[in-house]
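Please work through the exercises below with the sequence and the structure at hand, trying each task before reading its solution.

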Amino acid sequence: PKCGKQFEATVCWLDTGKALETGKEYFLRINAMETVCKIVAVLYKIDVSTFEQYNDERLVEVNRFAKVKIETKDVITYDLFAELPENGRGIIIDAETNYTSGAFVIEKPLNP
């Protein structure tokens with residue numbers, strides 16, 4: 001497994017009421033581990049029909065995919081999704097509503 005506080009992930013946004021907000025605190029859960037996180041950047045969006053990468057001014061809303069940079073408050077242990085899917089995927093939970101806001105797969109570790 002890898003240990004760290006930053007990684008790149010592909011996220012599918014699930015929250016019908018709120019768009020993804022960079023800089024906002026969310027809960028991140030992988031298996032039984034939970035910590036606070038922030039999505040610090042949207043690197044690009046992904047068209048689900050063609051898998052093409054694009055950038056525009058629209059928000060990442062429900063049923064949209066994006067490659068993001070996530071930073072956690074605590075050091076976490078994880079695997080890359082391509083190497084061990086069970087430890088390389090998780091969910092993002094809105095800290096205010098407790099709704100599951102997104103699902104993600106970890107693709108690349110980043111050094112803080």
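The exercises that follow concern salt bridges in this predicted model.

**Exercise 1.** Determine how far apart the closest N and O atoms of Glu-96 and Lys-18 are, and where in the chain the two residues lie.

*Solution.* The structure holds eight salt bridges, and one of them joins Glu-96 to Lys-18, whose closest N and O atoms are 3.0 Å apart. Glu-96 sits in the loop between β6 (89-94) and β7 (100-110), while Lys-18 sits in the loop between β1 (2-13) and β2 (25-30), so that this pair links distant parts of the chain, 78 residues apart. Glu-96 and Lys-18 also belong to a network of salt bridges that includes Lys-24 and Asp-94.

**Exercise 2.** Decide whether Lys-45 and Asp-56, which form a salt bridge, are buried, partly exposed or exposed.

*Solution.* The two side chains meet with an N to O distance of 2.6 Å, Lys-45 coming from strand β3 (residues 33-46) and Asp-56 from the loop between β4 (53-54) and β5 (65-78). Lys-45 has a relative accessibility of 7%, and because buried means under 20%, Lys-45 counts as buried. Asp-56, at 30%, counts as partly exposed.

**Exercise 3.** Explain which parts of the chain the salt bridge between Glu-107 and Lys-67 ties together.

*Solution.* The side chains of Glu-107 and Lys-67 meet at 2.8 Å, N to O. Glu-107 lies in strand β7 and Lys-67 in strand β5, so the pair ties together parts that are 40 residues apart in sequence. Glu-107 is partly exposed at 36% relative accessibility, whereas Lys-67 is buried at 9%.

Note on methods
Residues numbered from 1 in each chain as written. Predicted model: local features only at pLDDT ≥ 70, side-chain atom pairs only at ≥ 80, totals over all residues. Heavy atoms only, no water. Salt bridge = Lys/Arg side-chain N within 4 Å of Asp/Glu carboxyl O. Helix = DSSP H or I, 4+ residues; strand = E, 2+ residues; numbered from the N terminus. Buried < 20%, exposed > 50% of the residue type's maximum accessible area, 1.4 Å probe, protein only.
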